[in-house]
Amino acid sequence: MINTDPGKVLLEQLNSSSRTERLAAASAIGDMIKSGKLANEKTDEVNNHIHTIYSFSPYSPSKAAFMAWASGLKAAGSVDHDSIGAAAEMVEACKSIGIGSTTGFELRVNFSGTSLETRKINNPDTINSAYICIHGVPHSRFAEVAEFIKPIREERNLRNRAEVEKLNSILPQGVLEPLDFEKDVLAISESADGGGVTERHILYALSLKIIEAAGKGQGTVDFVADKLGIPLTDKIKGFLLDQENPHYVYDLLGILKSNLVPSFFIQPNEAECPAADKVVAFANSINAIPSYAYLGDVAESPTGDKKAEKFEDDYLDELFEILKKTGFKAVTYMPPRNTVKQLLRVQALCDNHEFMQISGVDINSSRQVFRCPEILQPEFTHLIDATWTLIAHEHLASADESYALFNPEGEFASKPLSERMEFYAAAGKKMDLFNPENIIDLIGA
């Protein structure tokens, strides 16, 4: 019988407030895996876009690595909003547990000076704002990335503070204690250790206030419906009436996010969402892989949880031309989110512009599963090889940046991207996942 349970103590230690303790737990679990005491049901699935406590998530990097392994994934990647804080721990935890690792970070950028500046791109909240991911950061560059992101994060926290004040002004007076940005919001983040803070942190803090004041169950249901005027579906009401629901705070946060964010959201400025060409140039200078995050129009949501809304599809050809001119090297997308027809179009455009394709499904709630079976469909299996390419690139570039996949002066720069990716994917699949730094020895093999 397959056993993926290392025991309550180790599971708790994986989410300890101490990084040292978390990594020690990951190492102990790795020893159990090596000895055969723990085993998983392996799949070929991978996920390159797992959020951690360094943006918003119930999982530390070590816990995320373990959850990915326990779900049968062969590789896992950390991507956090405005933060590279998870990266070093993610690499070490995945190495201990024996799965492939990759790291990156997510920023919002502006396209001022281009034809995109008057358009909604892939950000539902802001015109001329796009989410991009910087994948495959060489490990020796983590500190440099942290310094690059720091002023962006500081600017966002100025807005976060103002949003808390605005939220306090619209909440029913005399019912809840006002939110305190430092004590209630920063305190539940990893801001002190380079973590990003988002609207989800603000609403998680509000959720805790509501539960404390009203109590779980009927009290919270009545507070949300009567005091906040938010209608609840029978499904959500059932979640909130269940006082033993392990996802209680995340379910409450979800309904608050859907209904309250527009009332307290403040538009970010260009210091918080810097110019795309500036961020892309930085990513290329450190031999990371700047990637545009395709969102796509939503008509009939495959996941059933998105409202109908238009994003890039009407001007996708034009967008790809701008991405190429700006210096992007890849496009990332989520197979469960879009239709096959949409993604076949994206794939064709990637091929035409010689963009790498990267997949990942963002994880930021305890209700989400780490698996992504859609990647096993014939239209998407190439994304698995792309993940091993990404992993090989990252570990090779960490040893010697002349091996970075897109290094214009690198060892393989003269070869077409498809040939480079085939070579790197083969090396990634052959590497010893418990000793990934030895991949450099495979290059001449």
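1. G254 lies in helix α10 of this predicted model. With a relative accessible area of 28%, G254 counts as partly exposed, because the partly exposed class lies between the limits of under 20% for buried and over 50% for exposed. Between G254 and T126 there are 128 residues of separation in sequence, while their C-alpha atoms are 20 Å apart in space.

2. Helix α10, which spans residues 248–264, has a neighbour in helix α9, residues 234–241, and the two axes come within 9 Å while crossing at roughly 145°. The crossing of α9 and α10 is left-handed. On the α9 side the contact is made by I236, F239 and L240, which meet Y248, D251, L252 and I255 on the α10 side. By residue class, this contact between α9 and α10 is made up of six nonpolar residues and one charged residue, with no polar ones.

3. The largest nonpolar core of the model holds 72 residues, and F111, V137 and M356 are the ones with the most contacts inside it. Helix α14, residues 382–399, contributes eight residues to this core, the most of any element. Apart from it there is another core, of 35 residues, which includes F56, I236, V249 and L252. As background to both descriptions, nonpolar side chains tend to be buried together in soluble globular proteins.

4. Which residues does M356 touch, if those up to four places away in sequence are not counted? The set consists of I289, K329, A330, V331, A386, T389, L390, L405, F406, L417 and M421, and M356 is also among the residues with the most contacts inside the largest nonpolar core.

5. Seven strands form an open sheet with mixed pairing, in the order β1-β2-β3-β4-β5-β6-β7. Its edges are β1 (46–50) and β7 (356–359), each of which pairs on one side only, and from one strand to the next the twist averages 30°. Strands β1 and β2, the latter covering residues 75–81, run parallel and are joined by three bridges; within this pairing, V46 stands opposite A75 in β2.

6. Helix α14 packs on the sheet and touches β1, β2, β3 (100–109), β4 (130–135), β5 (289–293), β6 (330–333) and β7, with its direction making about 100° with that of β7.

Notes: Residues are numbered from 1 along each chain as its sequence is written. This is a predicted model: local features need pLDDT of at least 70, side-chain atom pairs count only at pLDDT 80 or more; totals for chains, interfaces and linings use all residues. Side-chain values use heavy atoms; hydrogens and water are left out. Axes are lines fitted to C-alpha atoms, for helices over the stretch in contact, and angles run from 0 to 180 degrees between N-to-C directions. Helices (H or I, at least four residues) and strands (E, at least two) are DSSP runs, numbered from the N terminus. A crossing is left-handed if the near helix is turned anticlockwise from the far one by less than a right angle, and right-handed if clockwise. Contact means heavy atoms within 4.5 Å. Ala, Val, Leu, Ile, Met, Phe, Trp, Tyr, Cys and Pro count as nonpolar, Asp, Glu, Lys and Arg as charged, and the others, Gly among them, as polar. Buried means under 20% relative accessible area, exposed over 50%, partly exposed in between (1.4 Å probe, protein chains only). A nonpolar core is a set of buried Ala, Val, Leu, Ile, Met, Phe, Trp, Tyr and Cys residues joined through side-chain atoms within 4.5 Å. Two strands pair if DSSP finds at least two bridges between them.
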